[in-house]
Amino acid sequence: MNRSVNDLRSLADQRRGFIGSIAAVEAQTSRDGALAGGELERRLLEMGFVEGARVEILHEGFIARDPICVRLDDMRVALRRADARGVLVRVDSAP
Amino acid sequence: MTAVELAPAKARPLAPAPLAPLRVALVGNPNSGKTALFNALTGSRQKVANYAGVTVERKEGRVVAPDGRPISLIDLPGTYSLRARSPDEKITRDAVLGLIEGEPAPDVVVCVADATNLRLVLRLALELKAVGRPAILALNMIDIAQRQGLEIDVERLSRELGMPIVATVATRRRGIEALVGAMQARADGAASDRQPGGWREPSAGDIRDLHRQAERLLKASVSLPKRPDTWTGRLDDVLLHPVAGIVILLAVLFLMFQAVFTGAKPIMDLITAGFDAAGVVVRHLLPPGILQSLICDGIIAGVGSVLVFLPQIVILFLFIILLEDVGYMARAAFLLDKIMGGAGLHGRAFIPLLSSFACAIPGIMATRVIDNRRDRLTTILVAPLMTCSARIPVYTLIIAAFIPRRAVWGVLSLQGLVFFGLYATGLVGALAVAWAVRTIFWRGASEPFLMELPAYKAPDPLNVLRNVGQRAQIFLRRAGTIILSMMILIWFLSTVPGKPAGAPGPAIDYSFAGMIGHAIEPILAPIGFSWQMSVALIPGMAAREVAVGALGTVYAVSGGEGSAGILGASLAHQWSLASALAFLAWYVFAPQCASTLGVVKRETNSWLWPTVMFVYMTALAYAAAFIVFHTAAAMGAG
């Protein structure tokens, strides 16, 4: 295995202030299985959660830090942590 | 041109041909200013209807092309892709592809883009292009892009995207003529533009590909803004703050309530007085009898009792549309998502539920903002549990008659506290029912909460007013159709058959409503309802507040102004406190509003959901009244 798996973490587990980029968007089934994995993946992609996009967590909800508001390239998007599970991110290495 | 050859043998005169309207559809992401552009293009020449069989609104307007041809313009629901994820988005896709029965595919598709936020809309534009319809990209809000120092190489973008581009500022009506000209030119364009429509649902890989293409276009022809919008970020720091954000949200909601309840009062009083006066006039003009009763008690009183909510609906929608226009609505949904989600509802459900505090009818109409069908149905089902303003007259009457005017802890009034308690019960009931529906009946089927937070912008007053006007119009149309027919039915039940001459007691006692009331009395006796209360419930189906008048009728208190005090005294004399409290509990939950059921039928396109709603609400109401009656009786209030 070439790439270090440890580098990749789920966007769902990141805290406010996280800055990084999207490494992969996986077809994960949403927590309650309402949407087949592929459907959630496509919705994330359609909203701009694509490989290479820059993400920054700007705000967190006041209960259980959920949902989160992220800057996604030049947009702002709100999503629940559960739905962000399949978005794998990498911390930006210093430029 | 082969037009001559194609002309049918029966050779109709060619004259009408140039008048055949061009069909143009507006497509765009949510928040792209698409509807503002539609309004700028069509002005007041537009009409709102529904697509057949579904509850999606169909907005059509008329524009005249430079060559005099009429253009029929359709504003399609906002979407990020042609993959239909909700009934609204399905309409967008089907309209673009020409799959809607009786509606040929548009001659030209205008893809409306927020010039400051092009990434996602370029992907949509590529998807539209692949469909093979002649398309135009409208770069809306170009003024904001220029202010931010965003440079767009329009020529290059147009060339690489393969469609003409027109820059517009919908709110200032800039670029409108150019856009209309482009529609005409595009429609007349080479036939080679019109490739056979091909569309298949894109896979995740297709979406990635399209996104990469869009990214390339963006990199090639759009510069980064020199003066990016920092206000949105700064405002969000406050408005999405875990503490300050919630405080501000509550303040906004409080302000909205104040406006809905107190601001609308004078106009509502005026409307009531107007309808009362009309009733008096008709009573003078027509001889007493069934016709006079139909017109006065059925039509005038019925329509009046619905129209009286128009001011509240206008104020409520003014707030909703203003907040939406400014960009705050998405923030409010963000702040409330966790609370709503705890009850199994979508963050967006708070808009319809909030609206339901004024009246469940606009609330149920507002559930269209929720994409997922189950989320939407759940919200519709619980919306009538929110304390609508029609309950207020009933609550006021009973509270004033039975709850002592006393201060609690020196400052709070006991009456006010009971009033608040009734509101809270409705709210908690709604959340509990939603939770039950989502955990018992529809286990684990929640929509992802994935929402763009648009940049804040100043509202466009004209646009806001036009949209509010449209809401009012829709409400009036409902009032004129379903609601009016329900009112007449209930009038009929409460009036026919008439009271035999010289018979004792109120006339309603002899009507169908009286018969039904008497028939259900044994069922309602265990919850402490007398037969008079049971009878009053039937006309009370017309609208909750009609129960006040119905109680007046059964207790033979003469109607008219100022009778509420007398009625209250009469009730205080005849009911036990336990019965009164049970009546209040009943009104928190009972489906005492035929119009709501009618709207649910319309919105869900089936009698199943109004039936489900009627049954579950009646069951809840019965249980609540039963518990309240027996608890109160046991405590000595019987």
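Just after helix H14 of chain B, Gly344(B) takes a positive phi of about 80°. Helices here are DSSP runs of H or I with at least four residues, strands are runs of E with at least two, and both are numbered from the N terminus. The model is a predicted one, in which local features need pLDDT of at least 70 and side-chain atom pairs count only at pLDDT 80 or more, while totals for chains, interfaces and linings use all residues. Residues are numbered from 1 along each chain as its sequence is written, and chains are lettered from A and ligands numbered from 1 in the order in which they are written.

H14(B) covers residues 328–342. A bend of about 55° falls at Leu336(B); the bend at a residue is the angle between axes fitted to the seven residues ending there and the seven starting there. H14(B) is largely enclosed by the rest of the structure, because 11 of its 15 residues are buried. A residue counts as buried if 20 or more other C-beta atoms lie within 10 Å of its own, as exposed if 12 or fewer do, and as partly exposed in between, with C-beta atoms placed from the backbone. Among the buried residues of H14(B) are Met329(B), Arg331(B), Phe334(B), Leu336(B) and Asp337(B).

Helix H13 of chain B spans residues 310–326. H13(B) is mostly covered, with 13 of its 17 residues buried. Just after H13(B) comes Gly327(B), with a positive phi of about 105°.

The table sets out the lengths of these two helices. The expected span of a helix is 1.5 Å times one less than its number of residues.

| Helix | Length | Expected span | Distance between end C-alpha atoms |
|---|---|---|---|
| H14(B) | 15 residues | 21 Å | 22 Å |

Seven strands of chain B form an open sheet with mixed pairing, in the order S2-S3-S4-S1-S5-S6-S7. Two strands pair if DSSP finds at least two bridges between them. Strand S2 (46–50) and strand S7 (165–167) of chain B are at the edges with a single partner strand each, so one side of each is left without a neighbour in the sheet. From one strand to the next, the twist averages 25°. Strand S1 (residues 22–28) and strand S5 (residues 108–114) of chain B pair in the parallel sense over five bridges. Gly28(B) stands opposite Val112(B) in S5(B).

Helix H2 (residues 34–42) of chain B packs on the sheet, and its direction makes about 40° with that of S3(B). Helix H3 (residues 87–97) of chain B also packs on the sheet, touching S1, S4 and S5 of chain B, and its direction makes about 145° with that of S1(B). For these angles, axes are lines fitted to C-alpha atoms, for helices over the stretch in contact, and angles run from 0 to 180 degrees between N-to-C directions. Two residues are in contact if their C-beta atoms, placed from the backbone, lie within 7 Å.

## Chain A

Chain A has one helix and six strands. From the N terminus on, its elements run β-β-α-β-β-β-β. Of its 95 residues, 44% count as buried. Among contacts in chain A between residues at least 6 apart in sequence, 64% join residues at least 24 apart.

Strand S6 (residues 87–91) of chain A pairs with strand S1 (residues 9–10) of chain A in the antiparallel sense over two bridges. There, Ser10(A) has Leu88(A) as its bridge partner. S6(A) also pairs in the antiparallel sense with strand S2 (residues 19–25) of chain A, over five bridges. In this pairing, the bridge partner of Ile22(A) is Val89(A).

## Where the chains meet

The contact takes 34 residues from chain A and 26 residues from chain B. On the chain A side, the elements that give two or more residues are helix H1 (37–46), strand S3 (54–63), strand S4 (66–72) and strand S5 (75–79) of chain A. H1(A) supplies the largest share of that side, seven residues. The residues of the chain A side divide into 17 nonpolar, six polar and 11 charged. Here Ala, Val, Leu, Ile, Met, Phe, Trp, Tyr, Cys and Pro count as nonpolar, Asp, Glu, Lys and Arg as charged, and the others, Gly among them, as polar.

S5(A) and strand S10 (residues 450–452) of chain B run antiparallel and are joined by three bridges. Ala78(A) stands opposite Met451(B) in S10(B).
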